[in-house]
Amino acid sequence: MLDDFFTRAMIAGIGVALVAGPLGCFIVWRRMAYFGDTLSHAALLGVALSLLLNVNTMVAVGGVSVILAALLILLRRRDTLSSDAILGLLSHSALALGLVCLAFMTWVRIDLLGLLFGDILSVTRLDIALIYMGGAVVLALLVLIWRRLFAATVSPDLAASEGLRPERTELVFILLTAIVIAISLKVIGALLITALLIIPAAAARRLSSSPEQMAVIAALAGAAAVAGGLYASLHYDTPSGPSIVVAAMALFLLSLVPGVQIVRRMLAPTQGDRS
Amino acid sequence: MQHPETGLVQLNRAGIRKGSQWLVRGVDLTVRPGEIVTLIGPNGSGKSTTAKLALGILKPTEGRADRRPGLKVGYVPQKLAIDWTLPLTVARFLRLTNPLSEAACREALAKTGAERLLRAEMRSLSGGELQRVMLARAIARHPDLLVLDEPVQGVDYSGEIAIYDLISDIRGTLGCGILMISHDLHVVMAQADQVICLNGHVCCRGTPSELSQNDSYHALFGTRGNAALAVYEHHHDHVHLPDGMVRHADGSICGDCAGEHHEHGHQKTPETGGLRDAG
């Protein structure tokens, strides 16, 4: 079954979407969309460095992400620029540095478009194994820190005053995001990863009444977007990464239709407070 | 377990710097069980920062901030920025960090007059409703120390009175210490055991009636401050003179004030005011 490139693409894409959904919810709740963008642009620099230094791509991408997160926290403390200006600076510097590095390495032939927009149809079995193992680790850790991360998301000050350490939890969360970006680089590409994190979460918002529900719906919406996008790309011969994002956007638009919400109310008569 | 002499929280010459600017500096502050300490001061004078130092949210750049080990804190922050996309009911918000039964949630909300909001979405609350919910959450934790950063902002007038009553009630029933930031000088003067007036540093401090004699206080709050104090002036049936003698309302002077010790004013002289000028 895994011999078919389309099946491999489907399995890999759905794997990424299942992890990206819950994580994306936190990115949306924490208003960190731009930070996700910065991390994914830095991923390209990570790929360039991995080729340059001959280390594993995931390790390099993860390393660059951590350095970037540390830089952001440091620069924010120095109070010289606003957070979004710092993010813009880091994001595009990292992207440009990555592209310049790649251009210097004339001995490697690398598919730049594949890096930027993903090359899901060339996914190997090893990639699938990496995605599912990495994804399982990320989801397990997310479940482990869920309560603390959620409290820190609602209010870092409240969490800190009650003895939690919101900064530490946030750092773990950034690490998890970096891992997800590293494993999904091949599936969707550096420029569109943020879309797979954010759009399914946005689509899930109107359909959910509790944070956990929103995370699950976001994961399912992401998986549906991958399936829909891949079939569309096969049918209309469109690039697969962008097709997945377009499918996710279509799901988001669908969630705005009033009828969908009425169905939801009928399905969930008791508005939940489950905790 | 509660030692009346040791504070729940103690700031010792605490200061914090952001960039090259001191947000607040040289703050001494102690909150003991059952005591209400109020921070007043103009906008940007470091009131919220001082509260955050006391809570341990911010670390002091200089000086010390000590909390009693195992101190349970209830905090009502000045603002709460919950993203619109976060599905969060009031009940869930109350249980954010501590497990609470439904009955306990209802009870806490009932105390702050917000019982009907139990199933409401946080993002649909008005400013005043949000304050009531946050206060309910802080109380439901049965804290040793309650830190209230402008607890009645946006609350309607009658609700304001009810909430201030509730706050002094809590002090009595829970026996917790309260650190409060308020702009409402009337209430501050009526309820606080100690008032600390901030303006980047401790500008003046003392009991409400001591403050009424202080020039720095008048410089900061002007006639409005006077009006707030005037309400309580009539409580003063005697005045403590700088030499330790007491002058009673009828003009007689004796060694101490007999009977119940009412709120009283200290007559201030340049060397020995009834208060410390810490600026």
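**Figure 1. Overview of chain B in the predicted model.** Of the 279 residues that make up chain B, 43% count as buried. The structure shown is a predicted model. Chain B contains 8 helices and 13 strands. Among its contacts with a separation of 6 or more, 68% are between residues 24 or more positions apart.

**Figure 2. The open sheet of 6 strands in chain B.** The strands of this sheet follow the order E5-E6-E7-E3-E8-E9, and their pairing is mixed. From one strand to the next, the twist averages 15°. Within the sheet, strand E3 (residues 36-40) of chain B and strand E7 (residues 177-181) of chain B run parallel and are joined by 4 bridges. In this pair, Ile36(B) is placed opposite Ile178(B) of E7(B). Helix H4 (residues 127-140) of chain B lies across E5 and strand E6 (145-149) of chain B, and runs at about 175° to E5(B).

**Figure 3. The antiparallel sheet of 3 strands in chain B.** This second view shows an open sheet with the strand order E2-E1-E4 and antiparallel pairing. E2 and strand E4 (62-67) of chain B are at the edges; as each has a single partner strand, one side of each is left without a neighbour in the sheet. The twist from one strand to the next averages 25°. E1(B) and E4(B) run antiparallel and are joined by 5 bridges, with Asn12(B) standing opposite Arg64(B) of E4(B). Helix H1 (residues 47-55) of chain B packs on the sheet and touches E1, E2 and E4 of chain B. The direction of this helix makes about 125° with that of E1(B).

**Figure 4. The hairpin of E1(B) and E2(B).** Strand E1 (residues 9-18) of chain B pairs with strand E2 (residues 21-31) of chain B over 7 bridges, in the antiparallel sense. Lys18(B), in this pairing, stands opposite Gln21(B) of E2(B). The hairpin has 2 residues between the strands, and Gly19(B) takes a positive phi near 65°. In a regular strand, side chains alternate between the two faces of the sheet.

**Figure 5. The contact of chain B with chain A.** Chain B contributes 23 residues to the contact, and chain A contributes 23 residues. On the side of chain B that touches chain A, strand E5 (73-76) and helix H2 (90-94) of chain B each supply at least two residues. H2(B) gives the most to this side, with 3 residues. By class, the side of chain B that touches chain A comprises 13 nonpolar, 5 polar and 5 charged residues.

Figure 6. An unreviewed UniProt entry places the feature "transmembrane region" at residues 6-29, 41-74, 86-108, 129-151, 171-202, 214-232 and 244-263 of chain A. Two of these spans are described here. Residues 86-108 of chain A are 83% helix and 0% strand, with the end C-alpha atoms 32 Å apart. Residues 171-202 of chain A are 88% helix and 0% strand, and the end C-alpha atoms of this span lie 23 Å apart.

**Figure 7. Packing of H1(A) and H9(A).** The axes of helix H1 (residues 5-29) of chain A and helix H9 (residues 193-205) of chain A are 7 Å apart, and the two helices pack at an angle of about 75°. H1(A) is therefore roughly perpendicular to H9(A). Residues of H1(A) in this contact include Val16(A), Ala20(A), Leu23(A) and Ile27(A), while those of H9(A) include Leu196(A), Leu197(A), Pro200(A) and Ala201(A). The residues of the contact of H1(A) with H9(A) comprise 13 nonpolar, 2 polar and no charged.

**Figure 8. The surroundings of Pro200(A).** Pro200(A) is located in helix H9 of chain A. This residue is buried, because 31 other C-beta atoms lie within 10 Å. Leaving aside neighbours within four places in sequence, the contacts of Pro200(A) are Ala17(A), Gly21(A), Gly24(A), Ala218(A), Ala221(A), Gly222(A), Ala225(A) and Ala248(A). Pro200(A) and Leu254(A), 54 residues apart in sequence, have a C-alpha to C-alpha distance of 11 Å.

Methods
Residues numbered from 1 in each chain as written. Chains lettered and ligands numbered in written order. Predicted model: local features only at pLDDT ≥ 70, side-chain atom pairs only at ≥ 80, totals over all residues. UniProt positions renumbered as here; feature names shortened; annotations may be inferred. Axes fitted to C-alpha atoms, helices over the stretch in contact; angles between N-to-C directions. Parallel < 35°, antiparallel > 145°, perpendicular 65-115°, else oblique. Contact = placed C-beta atoms within 7 Å. Nonpolar A, V, L, I, M, F, W, Y, C, P; charged D, E, K, R; others polar. Pairing = 2+ DSSP bridges. Buried ≥ 20, exposed ≤ 12 C-beta atoms within 10 Å, placed from the backbone.
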